[in-house]
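This report looks at the strands and the ligand shell of one structure, moving from strand pairing to the surroundings of the ligand.

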Amino acid sequence: MRLERFVREKGEISKFPLSRQTQRHEVQFLFLKMFFFTIRNSYHRHTQRGELKVATHGFSASNKIGEGAFGSVYKGLLTNGSIVAVKMLSIELESMRGEREFVSEITTLTNLEHENLVTLVGCCVEGAKRFLVYNYMENNSLAQVLLGGEQNRIKLRWGARGRILLGVARGLAYLHEEVKPHIVHRDIKASNILLDQNLIPKVSDFGLSRILRDNASHISTHVAGTLGYLAPEYAISGRLTRKTDVYSFGVLLLEIISGQTVVNFDLEHGEHYLVQKAWDLYRANRLLQLVDPVLGMNYPEEDAVRYIKVGLLCVQETARFRPEMSTALKMLTNEIDIGVVQISQPGLVADLMNIKLGHKTTFRSHYTKASNMESTPSSLSSCS
Ligand SMILES: Nc1ncnc2c1ncn2[C@@H]1O[C@H](COP(=O)(O)OP(=O)(O)OP(=O)(O)O)[C@@H](O)[C@H]1O
Ligand SMILES: [Mg+2]
């Protein structure tokens, strides 16, 4: 067995083999199930869960800042003075990769650096317990800031919305096109876009599927909250490609421009879908009606129309018609003119509550093309 130590010096990461004796110690270390912590910007450093415990006041309720499908998130202060978000993973051990693979995947992820990705500082393993440590983002998530309750909302002006959109597109283009092998995020949504103190967007939770064993899927456990962002082909067959992320990005874009969540409910109209609404307005040539009314007239109409069209291009039903992320970015910045580009109909996954991913026999839902929403939706015979 060959273990390597990663060292970051003057911004350069270098890797060198450990001496035999150190290797033996490292292996013993792993087998003894001691605490294991890798940390960025310093030596490959081991620390005890004790440090995280102290940092988070014993994972106290007052330090808890959120909870997701992977576990609870706590705010913490490390002894070196940095403020972090500690994700205490609550996935069953059988679904997670073994300890060495887990640490190796996390090490790879900690080496990704981009202005629009949340920095994964390191991880800690203690027997069955695993923790991920991220840089803390002061302004929480887009889900809270843009779409949350009144007390958390920030009135985002047009300029801030544009910067957020472009930042997310850049972060995703980096994961899709610059990282080798590329990373499909697979869970792009407003709660996974965190905002730092300057409202710079940081994509979080990228690469998390890598810590799961190949046969494990975390999606089925939290699909209900995420469903509106799922590309139809992924919801139906589990087929995951970069274009799946592009679809989710399109939905997120429409949310940012409209200030509305992907699925809305009111007593008069029941459940209605943002993607459907955008498509209807596009066909009626009334796209500006989608823009968040809190912006009043304070936005450039031409940019708004272009952005919404890019959103619609990203959510097209046929995955191969969707642009790649770098192309979507150029469309947003008007480096690629989309004035005459044809937009085909979006795909929608409806009947949210009945969908069970990966369980085709219980898939009682239907998949509807947006243009057919008024007519009786056809059931998916292959999935019923
Ligand atoms: N690095 C961070 N800095 C600040 N807050 C964070 C950080 N990471 C997560 N949070 C907060 O914790 C909440 C829960 O995050 P988590 O990633 O566990 O779940 P989620 O993204 O909301 O949902 P799901 O896991 O179902 O996809 C987030 O919505 C956010 O408010
Ligand atoms: Mg998240």
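Strands, like helices, are DSSP runs numbered from the N terminus (helices are H or I with at least four residues, strands are E with at least two), and two strands pair if DSSP finds at least two bridges between them. The model is a predicted one, in which local features need pLDDT of at least 70 and side-chain atom pairs count only at pLDDT 80 or more, whereas totals for chains, interfaces and linings use all residues. Residues are numbered from 1 along each chain as its sequence is written, while chains are lettered from A and ligands numbered from 1 in the order in which they are written.

The pairings can be set out side by side.

| Strands | Bridges and sense | Residues between the strands in the hairpin |
|---|---|---|
| E5 and E6 | seven bridges, antiparallel | five residues |
| E7 and E8 | six bridges, antiparallel | two residues |

In the hairpin of E5 and E6, glycine 81 takes a positive phi near 95°, and in that of E7 and E8 glycine 127 takes a positive phi near 55°. Strand E7 (residues 120-126) is largely enclosed by the rest of the structure, because six of its seven residues are buried, a term that requires 20 or more other C-beta atoms, placed from the backbone, within 10 Å of a residue's own. Glycine 122 has valine 133 in E8 as its bridge partner.

Lysine 87 lies in strand E6, opposite valine 73, and counts as buried because 24 other C-beta atoms lie within 10 Å. Its contacts (C-beta atoms, placed from the backbone, within 7 Å), not counting residues up to four places away in sequence, include Phe70, Phe131 and Tyr134. An unreviewed UniProt entry annotates Lys87 as "binding site", although such annotations may be inferred rather than shown by experiment.

Around ligand 1 there are 24 residues, of which Gly66, Gly68, Ala85, Met137 and Ser191 are the closest; membership requires a C-beta atom, placed from the backbone, within 6 Å of the molecule. Strand E4 (64-68), strand E6 (83-89) and helix H6 (219-226) each supply at least two residues of this shell, and E4 gives the most, with four. Both domain 1 (2-135) and domain 2 (142-381) provide at least three residues each, the domain bounds coming from an automatic or database assignment.

Methods
A residue is buried if 20 or more other C-beta atoms lie within 10 Å of its own, exposed if 12 or fewer, and partly exposed in between; C-beta atoms are placed from the backbone. Two residues are in contact if their C-beta atoms, placed from the backbone, lie within 7 Å.
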